[in-house]
Amino acid sequence: MHPFLLAQSWRQEMKDDTKLNKARIAAREAISRARVTQIMNLLQLPAEIQAGLLRPPAPLDIHSFSERRLRALVSCGEQEAQLARWRELVQELKSSAGN
């Protein structure tokens with residue numbers, strides 16, 4: 001499952017079960033709590049980017065956007081910088097998909 005979709009799933013599970021937290025998810029998934037946090041941080045992306053991941057522009061799909069690239073967007077900090085880099089990334093991927 002794509003990390004962004006996994007983060008959404010975990011967020012919903014935590015919402016549905018108030019006893020569930022990142023530490024329990026980590027234990028259940030046999031990964032570190034830090035890794036759970038890394039994945040969950042993808043939910044900090046602006047709404048426009050999240051919508052673009054759920055409905056990527058053709059010919060792309062969600063797997064066109066690696067976790068590494070998405071984490072780089074999160075680390076851009078300000079929303080405007082994230083959106084600008086997102087738009088560049090989409091164009092870059094669409095160009096390379098056309099080749």
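This is a predicted model: local features need pLDDT of at least 70, side-chain atom pairs count only at pLDDT 80 or more; totals for chains, interfaces and linings use all residues.
Buried here means under 20% relative accessible area, exposed over 50% and partly exposed in between (1.4 Å probe, protein chains only).

Figure 1. Residues are numbered from 1 along each chain as its sequence is written, and side-chain values use heavy atoms, with hydrogens and water left out. The chain has six helices and zero strands, running α-α-α-α-α-α from the N terminus. Helices (H or I, at least four residues) and strands (E, at least two) are DSSP runs, numbered from the N terminus. The C-alpha trace spans about 45 × 25 × 20 Å along its principal axes. Count contacts (heavy atoms within 4.5 Å) between residues at least 6 apart in sequence, and 62% of them join residues at least 24 apart.

**Figure 2. Inside the largest nonpolar core.** A nonpolar core is a set of buried Ala, Val, Leu, Ile, Met, Phe, Trp, Tyr and Cys residues joined through side-chain atoms within 4.5 Å. The largest one here has 25 residues, and L45, I49, L53, F65, L70, L73 and W86 have the most contacts inside it. At least two residues of this core come from each of helix 1 (3–16), helix 2 (22–29), helix 3 (33–40), helix 4, helix 5 (67–75) and helix 6. Helix 6 supplies the largest share, five residues. Zoom in on L53: leaving out residues up to four places away in sequence, L53 touches F4, L45, I62, F65, L70 and W86.

**Figure 3. Helix 4 and its buried face.** I49, Q50, G52 and L53 are the buried residues of helix 4. Look down the helix 4 axis and these residues fall within an arc of 160°, so they line one face of the helix; the arc is that of the directions from the helix axis to the C-beta atoms. They pack against helix 1, helix 5 and helix 6.

**Figure 4. Helix 4 meets helix 6.** The axes of helix 4 (residues 47–54) and helix 6 (residues 79–97) come within 9 Å and cross at roughly 30°. Axes are lines fitted to C-alpha atoms, for helices over the stretch in contact, and angles run from 0 to 180 degrees between N-to-C directions. On the helix 4 side sit E48, I49, G52 and L53, meeting Q82, L83, W86 and R87 in helix 6. The residues of this contact split into four nonpolar, two polar and two charged. Ala, Val, Leu, Ile, Met, Phe, Trp, Tyr, Cys and Pro count as nonpolar, Asp, Glu, Lys and Arg as charged, and the others, Gly among them, as polar.

Figure 5. Most residues other than glycine have a negative phi, and most peptide bonds are trans. In the loop between helix 2 and helix 3, A30 has a positive phi near 60°. A30 is exposed, at 68% relative accessible area. P59 lies in the loop between helix 4 and helix 5, and a cis peptide bond with omega about 5° joins A58 and P59.
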